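Subject: Structure handover

Hello,

I am passing on the structure we spoke about. Please have a look at it before reading my notes below.

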Amino acid sequence: MIEHLDVGAGTSPHPDATKTMDARTDLDNIYYKGVDIQADRWPIENNSVERVTMMHVIEHLNPDNLEHVWKELSRILAPGGIANVHTPHIGTFAVGRNPNHRALGGFSLELGQYLAGERPKWGSPPDWSVDYW
């Protein structure tokens, strides 16, 4: 069982993470290296992670690949597991000035509606509850 997996950890993994995953292969702090979370099957067993964090990752993904990401998150989370997905609000200055932000941008009403199952634009949403704060 993995207590806390940080997906897209990069050079600044979550301080509580017990395992990390990233597309980069050149970082010593990454446990699962070279994983394309948008296309690869994540190298983690089903129902084996208690908590997943994705800190400012989804705004860099292609919206067409979100369904794959949500399916993999759902697959690896243990029953009762928690996924904390953080992204900047689409109206903030940080979203517009970063050229690596994809069409998704950041958090928007459309993304919130998708995650809540109200807008199937990017495929079937995960079977999760969504909290906004």
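What follows is a short account of what was found. Please keep in mind that this is a predicted model.

The nonpolar core

The largest nonpolar core is made up of 21 residues. Within this core, L5, M21, I37, W42 and M54 have the most contacts. Three elements, β1 (5-7), β4 (49-55) and α1 (66-76), each contribute at least two residues to this core. The largest share is that of α1, with five residues.

As for M54, its contacts beyond four places in sequence are V7, I37, V69, L73, N84, V85 and H86.

H14 sits in the loop between β1 and β2 (19-22). Is H14 buried or exposed? Its relative accessibility is 17%, and the limit for buried is under 20%, so H14 counts as buried. A polar atom of the H14 side chain is 3.0 Å from the backbone nitrogen of D16. Setting aside residues up to four places away in sequence, H14 touches H4, D6, R51 and T53.

The tyrosines

A search of the whole structure gave one aromatic pair. The pair consists of Y31 and Y32 in an edge-to-face arrangement, with 4.7 Å from centre to centre and 80° between the planes. Y32 is buried, because its relative accessible area is 14%. K19 lies over the face of Y31, 4.2 Å from the ring centre.

Regards

Definitions and conventions. Residues are numbered from 1 along each chain as its sequence is written. This is a predicted model: local features need pLDDT of at least 70, side-chain atom pairs count only at pLDDT 80 or more; totals for chains, interfaces and linings use all residues. Side-chain values use heavy atoms; hydrogens and water are left out. A nonpolar core is a set of buried Ala, Val, Leu, Ile, Met, Phe, Trp, Tyr and Cys residues joined through side-chain atoms within 4.5 Å. Buried means under 20% relative accessible area, exposed over 50%, partly exposed in between (1.4 Å probe, protein chains only). Helices (H or I, at least four residues) and strands (E, at least two) are DSSP runs, numbered from the N terminus. Contact means heavy atoms within 4.5 Å. A polar contact is a pair of N or O atoms within 3.5 Å; within protein, one must be able to donate a hydrogen and the other to accept it, and residues adjacent in sequence count only if both atoms are side-chain atoms. Rings of Phe, Tyr and Trp (its six-membered ring) pair if their centres lie within 6.5 Å; planes under 30 degrees apart count as stacked, over 60 as edge-to-face and the rest as tilted. A charge sits over a ring if NZ of Lys or CZ of Arg is within 6 Å of the ring centre and within 35 degrees of the ring normal.
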